[in-house]
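Let's walk through this one together, question by question. Have the sequence and the 3D view ready.

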Amino acid sequence: MALKGAEIMKMLPKTNCKECGYATCFAFAMKLVAGGAKLEDCPYLDPEVKAQLEAAMAPPIKLVTIGTGENALSIGEEEVMFRHEKTFFHEPGIAILISDKGVESEIEEKLKRINAFDFERIGQKLSINLLALCFESGDKDKFEALVKKAYETTEFALILISEDTDVLFSAAALCADRKPLVYPITNENMSAAVPKLKEFGVPAGVRGASIEALVSVTSDLKDAGIENMVLDPGSKNMVEGIQNQTLIRRAALKKGFRPLGYPTIAFPCFMYPDKFKETVAAAALMTKYAGIVVVSQADEHFILPLLVHRFNIYSDPRRPMTVEEKVYEIGNPDEKSPILITTNYALDYFIVSAAIEETNMPAYLCIKGTEGLGVMAAWTSGKFNGEAIAEFFEKYGMPDKVKHRKLIIPGVAKKLVAELEEDLPGWEIILGPLEGSDIPKFLSEEWTA
Ligand code: SF4
């Protein structure tokens, strides 16, 4: 939001007619700033003023969508330079490069491997987003065969890469309904590309040899009516990439510079032949501030770290990840099974439940709602103290589920023992191990004994 409430107010009709649902034009202006009202709510806005306000109030970085349906990737509309200032909103896409130069059986194998990716962390499915199909063979038929194969055998969003503009748009025609990103659109091919971009309604991957060159291309494309762009400042290595990406983000957010107000793409796959350096560059560029990173590796041990890194950066620091408060029955527990308790901080739940599953010992895992606070933070705020846990036991009928009277609590919650002995009379409170990884050994040895 570039405008302040008072500035918007000056552009409103100032009749205080209340038809927008607010008592005054000023109240409406303030609500617009807060994002709670729409310009359409005022029927008396002059169309020219409305257009000016729309332009001024547009997000500093445009939201661009590549692909369609469930597998569409939306990037952009970021509001801050640093995650701790608020949060990052749209996680960057990870694209895997497939060249048409490869042997057919190798391409098949790579596609099969990518299709089989199935990672989960803290209950979230982690996945790559795009296939970047690259024309390098010099054989148009071969490239089109690759595009058809990726289109027909996978559901990923697509990036089409070709220095030959005719080949680029012939391939785009084959998969236009999946709204691929077509790359590169440059100063040189712009006039040929614009009619095709409009015809297919696909986003443009815009490349400039420098940021200055990029500004000139995006300005011309915008004037030609192209709205959806993803920017490549042509960085040759990781350091240059971070510098360029940071400059673009700063210009868009801090200066409101519209020609750079688009999400970006980076190509670690073309920066380093070494797989490890490529992966490090991809992680760094996702951190600052690429909207898409294209990597050449489809091996799990290169992709998984990137997926986890992205997951960590793009989780909302304002809201801890939580799971539902309830008693989780792991492996059909009975009246002799152990009872363990922890908080509903998602990481706590997944560590403890995975450790219990590892033992093959049926158990009750009590997850006490603490608004996502971990054990000690929840204890100090009164959400995981003796009284709260006693209430939980009552609510979920724990005394009726087992014949024993033993409760295993997290090893870090030593201070809870005395409280619980008072609030759960007749129960033996057992301090579990400090580390989740020691739970299987603890259960096998201590509980069995
Ligand atoms: Fe003001 Fe328009 Fe609301 Fe009427 S409808 S109070 S003119 S903002």
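Q: Which lysine forms a salt bridge with Glu428?
A: A salt bridge here is a side-chain nitrogen of Lys or Arg within 4 Å of a carboxyl oxygen of Asp or Glu. For Glu428, the closest N and O atoms of the pair are 2.9 Å apart, and the partner is Lys406.

Before going on, a word on the model: it is predicted, so local features need pLDDT of at least 70, side-chain atom pairs count only at pLDDT 80 or more, and totals for chains, interfaces and linings use all residues. Residues are numbered from 1 along each chain as its sequence is written, and side-chain values use heavy atoms, with hydrogens and water left out.

Q: How many residues apart in sequence are the parts that Glu428 and Lys406 tie together?
A: Helices (H or I, at least four residues) and strands (E, at least two) are DSSP runs, numbered from the N terminus. Glu428 sits in strand β17 (residues 428–431) and Lys406 in strand β16 (residues 406–409), so the pair links parts separated in sequence by 22 residues.

Q: Is Glu428 buried, partly exposed or exposed?
A: Buried means under 20% relative accessible area, exposed over 50%, and partly exposed in between (1.4 Å probe, protein chains only). Glu428 has a relative accessible area of 40%, so it is partly exposed.

Q: Which residue forms a salt bridge with Glu325, and where does that partner lie?
A: The closest N and O atoms of this pair, Glu325 and Lys395, are 3.2 Å apart. Glu325 is in the loop between α12 (300–313) and β13 (326–330), so the pair ties together parts that are 70 residues apart in sequence. At 59% relative accessibility Lys395 counts as exposed. The partner is therefore Lys395, in helix α15 (residues 386–395).

Q: How many salt bridges are there by this rule?
A: One of them joins Lys222 and Glu227, with the closest N and O atoms 3.7 Å apart. The count comes to 16.

Q: What does the side chain of Asn129 reach at 2.9 Å?
A: Asn129 lies in the loop between β5 (124–126) and β6 (130–134), and at 15% relative accessibility it counts as buried. Its side chain also makes a polar contact with the side chain of Arg310 (2.7 Å); such a contact is a pair of N or O atoms within 3.5 Å, where within protein one must be able to donate a hydrogen and the other to accept it, and residues adjacent in sequence count only if both atoms are side-chain atoms. At 2.9 Å, the side chain of Asn129 reaches the backbone nitrogen of Ile94.

Q: Which residues have the most contacts inside the largest nonpolar core?
A: A nonpolar core is a set of buried Ala, Val, Leu, Ile, Met, Phe, Trp, Tyr and Cys residues joined through side-chain atoms within 4.5 Å. The largest one has 83 residues, and those with the most contacts inside it are Leu131 and Leu133.

Q: Is Ala388 buried or exposed?
A: Ala388 is found in helix α15. Leaving aside neighbours within four places in sequence, Ala388 is in contact (heavy atoms within 4.5 Å) with Lys368, Gly382 and Lys383. Its relative accessible area is 11%, so Ala388 is buried.
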